[in-house]
Amino acid sequence: MASLTQENACRVSCFSECFHGVRKEHSFSWSKRLGFNRKCNYETLQVRATVSKIEHNVSSQDAGLATNGGKRKVTDSIKDEARRHGLLEPPTTFSAKYVPFSPYETTEEFYSLDEIIYRSKDGKLLDVQHDMKALKEYDGKYWKALFDSRVGKTTWPFGSGVWSKKEWVLPEIDNDDIVSAFEGNSNLFWAERFGKEMLGMSDLWVKHCGISHTGSFKDLGMTVLVSQVNKLMKMNKKLIGVGCASTGDTSAALSAYCAAAGIPAIVFLPANKISIAQLVQPIANGAIVLSLDTDFDGCMRLIREVTEQVPIYLANSLNSLRLEGQKTAAIEICQQFDWEVPDWVIVPGGNLGNIYAFYKGFVMCKELGLTDRTPRLVCAQAANANPLYLHYKAGWNNFVPVKASPTFASAIQIGDPVSIDRAVYALKNSDGIVEEATEEELMDAAALADMTGMFTCPHTGVALSALMKLREKNVIGPTDRTVVVSTAHGLKFTQSKIAYHSKEITEIQCKHANPPLEVKADLGSVMDALRSKLSLTL
């Protein structure tokens, strides 16, 4: 460990430009460069940085102080470059720990993030709690400027939308232990035509979390979890791999990040209940894939039993580390709106960790002074797997799990969600709403969205259908800034789209189907077809 004074820590202009860590210090000022002043408490704020062994031994020439015109050396990786620039571990006073998720009770129970633990002594889920007092030593302007300075960069690891918020995610992890595909930074798409023509809305946006490494929002959480496992294995913790139960996207994300780190991945999938595109991802990434004759809830029960007997790290959203990555999508939404908060955010819900993760991200932005409020949250469920919706309609009394029926929104086909308490807490505290969508409603909504230029997954169809219902009731107003979270890429669900547009789904009308026309290869037949479709008068 190497200590840095608070004065030195305050001299960083932005982590992508600083060179203070190895042999040399620059005397430019954070506060001057950012155009605001921040008073530092020298006596109470201890700043420290982790410096790797290789950094201690590097020569001034190898440190790249004036070599190769500032370009990366041929033998360098971006991690080597980060070390040379003193970026291996930014100066930090920040820390985090596990605490029982008990928001209405006080507790002294806590655990290090380096422990392999998933529940509290009395069986509660755990939550990652950050040292908010230390984070509040820096004001909202500081955090905005810091996060904005990292967007679009290749500096390791801050080019990731998750790790650009590292201080709010896993502040104490060594950057060398991070496993990242530079996930996040996903498109916030203005759904202009869908909003105006279908809903009479002028400010509708879709957060395309599916534009990520493996095609779903699960990458945001998995980079955090696998990075922590990578650290634990380097600490010689007794682990032989990482395992999960999955309806598709979790297994894809876990297998990809484990493959990148060289860590064995073990995946439990419900047989014949996920798309081929989802199934092929863990297979291609070399995971051990077990196809089980049960549903997701059955897979979840089995993986929990296995991890109690075998040193396999559990990667499902029961594990609160994943939520730390997923919450960065909420922070990113605020950032993309120049740190303004939307009125509504609609999130598809299955195991229900994601709705709490979004809540946590929005609350953190408000508490640390980046925003002045939080949005209202909507959790959208498929009617065939709607335990949260039924709980909401019953006034939050006596939650009862359900047996989930098959749904095209297969990733949220979950009847006994592990994060039910987290979701209820998030919705209650955000004046939230729960809505549902039938199979016909979600497929029709997805088809309508596709016809306006999107290419949505069925889960996004669930969220869009919820939006349409709330808009029809005028709960969501025509000028309300609304963000629909798209959780996966539509290319993962081409089978369901083909079935819809071919009208092969007998139980629904498929009223927006657009099948290809079979036309003879002659001009007359082509013109007849065009007249029919385009109402031509030629």
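Q: Phe-101, buried or exposed?
A: Phe-101 is buried, with a relative accessible area of 11%. Buried means under 20% relative accessible area, exposed means over 50%, and partly exposed is in between (1.4 Å probe, protein chains only).

Q: What kind of model is this, and how are residues numbered?
A: This is a predicted model, where local features need pLDDT of at least 70 and side-chain atom pairs count only at pLDDT 80 or more, while totals for chains, interfaces and linings use all residues. Numbering starts from 1 along each chain as its sequence is written, and side-chain values use heavy atoms, leaving out hydrogens and water.

Q: OK, rings. How many aromatic pairs are there?
A: The whole structure has 19 aromatic pairs. Rings of Phe, Tyr and Trp (its six-membered ring) pair if their centres lie within 6.5 Å; planes under 30 degrees apart are stacked, over 60 edge-to-face, and the rest tilted.

Q: Which way do Phe-101 and Tyr-425 pair up?
A: Phe-101 and Tyr-425 are edge-to-face, 5.8 Å centre to centre with 85° between the planes. The pair links distant parts of the chain, 324 residues apart: Phe-101 is in the loop between β3 (96–100) and β4 (126–130), and Tyr-425 is in helix α16. Helices (H or I, at least four residues) and strands (E, at least two) are DSSP runs, numbered from the N terminus.

Q: And what about Trp-143 and Trp-168?
A: Their ring centres are 5.8 Å apart and the planes sit at 70°, so Trp-143 and Trp-168 are edge-to-face. Trp-143 is in helix α6 (residues 140–150) and Trp-168 in the loop between α6 and β5 (188–190), so the pair ties together parts 25 residues apart in sequence. Both Trp-143 and Trp-168 are buried.

Q: Which cluster do ring pairs make?
A: Ring pairs link Trp-143 and Trp-168 with Phe-94, Tyr-138, Tyr-142 and Phe-147.

Q: Which residues have the most contacts inside the largest nonpolar core?
A: Trp-143, Trp-168 and Tyr-313 do, in a core of 106 residues. Helix α14 (residues 353–367) gives the largest share, eight residues. A nonpolar core is a set of buried Ala, Val, Leu, Ile, Met, Phe, Trp, Tyr and Cys residues joined through side-chain atoms within 4.5 Å.

Q: Back to α16. Why is it largely enclosed?
A: Seven of the 10 residues of α16 are buried, so the rest of the structure largely encloses it. Among those buried are Ile-420, Arg-422 and Tyr-425. The cover includes β4, α12 (321–326), α14 and α15. Just after α16, Asp-431 takes a positive phi of about 50°.

Q: Where's Thr-407?
A: Thr-407 is in the loop between α15 (387–393) and α16 (420–429). Thr-407 counts as buried because its relative accessibility is 9%. Its side chain makes a polar contact with that of Glu-439, at 2.7 Å. A polar contact is a pair of N or O atoms within 3.5 Å; within protein, one must be able to donate a hydrogen and the other to accept it, and residues adjacent in sequence count only if both atoms are side-chain atoms.

Q: New topic: where is Lys-218, and what does it touch?
A: Lys-218 is in helix α8 (residues 218–234). Not counting residues up to four places away in sequence, Lys-218 touches Asp-249, Thr-250, Ala-253 and Arg-322; contact means heavy atoms within 4.5 Å.
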